[in-house]
Structure formats: C-alpha cells, structure tokens
Amino acid sequence: MSGTYHSKNILFLAILFLMIVRPAFYQDQQPIASPVIDVSTDPVTDPIAARSLVKRTIKILAEKGIHLETRMDRIKVELRTREKMKQLVQVGEPGGHHRTRTVTQGDRTWVSDCTLTFLKGQREDVMMGVAAHELFHLWQSERGASKGWIRWIEGTANVAKYLVLVDIDNEKAQKSIQHMMEDRDPVYGKGFRKALKYYDKNGMKKYLEKVYKECGGKPK
Ligand SMILES: [Zn+2]
C-alpha cells in the first residue's frame with residue numbers, strides 16, 4: 001500500500017519536474033529564460049562607460065550562445081554626435097555603426113581590428129541593444145559571413161539585439177521590441193522576424209549554422 005503510494009508520488013514529482021524544467025530549454029539545451037539584465041537608463045556620454053557597456057553586452061551574448069573571438073584590445077569604442085552619426089549611418093540603425101578589418105589566409109578569416117561607434121547621449125539600456133546588433137556584425141565578420149542576402153545579415157543582427165532587450169525589464173526595451181515586431185521594413189522588420197522564427201524553432205546552434213550558410217561564411 002505504502003509502496004504504491006510512494007511510486008505514485010515519484011511519478012507525480014517526475015511529471016511536475018518535466019513540466020517545469022523541459023520548456024526552459026531548446027533542443028540544443030540552450031536555456032530560453034535568463035535573468036533580467038540590470039542596466040540604467042542614464043545617458044552615455046563617456047567613451048569609457050560605452051566601452052564597459054560593450055564588454056557587458058559581449059558577456060550577455062556569450063551567455064546566449066553567441067561567442068565572439070575578437071579580444072577587447074582589438075575593439076575601439078567611440079561616441080559621436082547625431083550629426084556625425086548621420087554621415088556614418090545611411091539606413092537602419094541611427095544609434096550605432098561598425099567598421100571591421102578582416103584578414104583571410106587560406107580557409108581562415110579573422111578580424112584584425114574593429115571600431116564600434118555609438119550615438120552620444122543614448123540611454124544605457126538603448127545602447128546595449130544597439131551594441132548587441134553591431135557586435136553580431138562583428139561575429140559575422142569573424143567568420144567571413146557578412147556577405148549574402150541583406151535580410152539575413154541585418155535580420156540576424158537584430159535577433160542579437162532582441163535577445164538582449166528581451167531581458168531588460170523596462171518600458172523602453174519592451175517598446176523597442178514591439179517596434180521590431182511591427183516594423184514593416186523588409187530588412188530590419190521582416191528580415192528580423194524571419195530569422196527570429198528560425199531561432200525559436202531550432203535553437204542557437206542550428207540558428208548560427210544557418211547564419212553561416214545564408215551570410216556566405218564557412219563553418220569553423
Ligand atoms: Zn546592422
């Protein structure tokens with residue numbers, strides 16, 4: 001009698017465990033949920049503060065399964081006024097810009113240096129989303145995967161932005177996500193949603209393999 005009761009109890013606990021734990025993981029065991037990012041809404045006017053924000057964003061992306069190879073001493077971070085940014089950024093993201101120089105020898109491609117430029121005075125939380133987008137372009141460059149269809153190149157960079165914003169628990173971040181979800185732009189809106197759908201369905205590992213393929217890179 002007590003044995004039956006005991007095994008029923010174990011069964012109940014096992015089902016409860018599966019219900020709670022299983023939905024938190026994708027097929028490749030990458031967790032869906034992660035802790036809320038604690039970031040201020042203060043304007044960033046100091047390049048040193050911008051640099052540490054970039055460092056934090058690199059760490060968050062790594063926690064999500066996006067690992068950058070370029071070391072911080074090869075990344076320059078600068079802040080520019082709105083007028084200067086307009087000269088740099090023609091379309092899409094007025095808050096950020098990246099320039100990377102790559103070296104290719106045989107099958108290997110690597111980034112020799114990268115400059116990330118951000119709009120001066122952006123809120124910290126906003127800049128973190130922009131940094132994620134620009135850093136994903138760096139990830140693409142490291143793998144020679146910045147060619148191919150523009151929808152995939154920019155759409156997948158926006159997925160990186162989304163993955164950071166989704167963990168920032170404030171109204172501005174949620175509004176940015178809403179904008180991305182409703183944006184009619186074929187590249188930053190539709191391209192983003194198509195890439196996000198692929199990520200949601202397949203998890204990070206397969207998603208990154210797909211980015212290699214679509215953006216013209218070679219798997220390492
Ligand atoms: Zn971009």
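# Close-up views of a predicted model

View 1. Leaving aside neighbours within four places in sequence, Val-36 is in contact with Asp-167 and Asp-169. Please keep in mind that the model shown here is predicted. Val-36 sits in the loop between α1 (2-21) and α2. Along the chain, Val-36 and Asp-167 are 131 residues apart, yet their C-alpha atoms are separated by 4.8 Å. Is Val-36 buried or exposed? Val-36 counts as exposed because it has 11 C-beta neighbours inside 10 Å, and a residue is exposed with 12 or fewer.

**View 2. The whole chain, for orientation.** The protein chain holds seven helices and three strands. Followed along the sequence, these elements give the pattern α-α-β-α-β-β-α-α-α-α. Of the 220 residues in the protein chain, 35% are buried. What share of the contacts with a separation of 6 or more comes from residues 24 or more positions apart? In this protein chain, the share is 75%.

**View 3. The open sheet.** In what order do the three strands of the sheet stand? The order is β1-β3-β2, in an open sheet with mixed pairing. β1 (75-80) and β2 (96-105) are at the edges with a single partner strand each, so one side of each has no neighbour in the sheet. On average, neighbouring strands of this sheet are turned by 15 degrees against each other, direction ignored.

**View 4. Strands β1 and β3, side by side.** β1 and β3 run parallel and are joined by six bridges. To find your way along this pair, look for Glu-78, whose bridge partner in β3 is Thr-117.

View 5. β2 pairs with β3 (residues 108-119) in the antiparallel sense, over 10 bridges. Two positions are handy landmarks here. Gly-96 stands opposite Phe-118 in β3, and Arg-99 stands opposite Thr-115 in β3. The hairpin has two residues between the strands, and in it Gly-106 takes a positive phi near 60 degrees.

**View 6. Where α5 meets α6.** Helix α5 (residues 150-165) and helix α6 (residues 171-182) have axes that come within 10 Å and cross at roughly 150 degrees. This crossing of α5 and α6 is left-handed. Which residues make the contact? From α5 come Asn-158, Tyr-162 and Leu-165, while α6 brings Ala-173, Ser-176, Ile-177 and Met-180. Sorted by class, the contact of α5 with α6 has five nonpolar residues, two polar ones and no charged ones.

Key
Residues are numbered from 1 along each chain as its sequence is written. This is a predicted model: local features need pLDDT of at least 70, side-chain atom pairs count only at pLDDT 80 or more; totals for chains, interfaces and linings use all residues. Two strands pair if DSSP finds at least two bridges between them. Helices (H or I, at least four residues) and strands (E, at least two) are DSSP runs, numbered from the N terminus. Axes are lines fitted to C-alpha atoms, for helices over the stretch in contact, and angles run from 0 to 180 degrees between N-to-C directions. A crossing is left-handed if the near helix is turned anticlockwise from the far one by less than a right angle, and right-handed if clockwise. Two residues are in contact if their C-beta atoms, placed from the backbone, lie within 7 Å. Ala, Val, Leu, Ile, Met, Phe, Trp, Tyr, Cys and Pro count as nonpolar, Asp, Glu, Lys and Arg as charged, and the others, Gly among them, as polar. A residue is buried if 20 or more other C-beta atoms lie within 10 Å of its own, exposed if 12 or fewer, and partly exposed in between; C-beta atoms are placed from the backbone.
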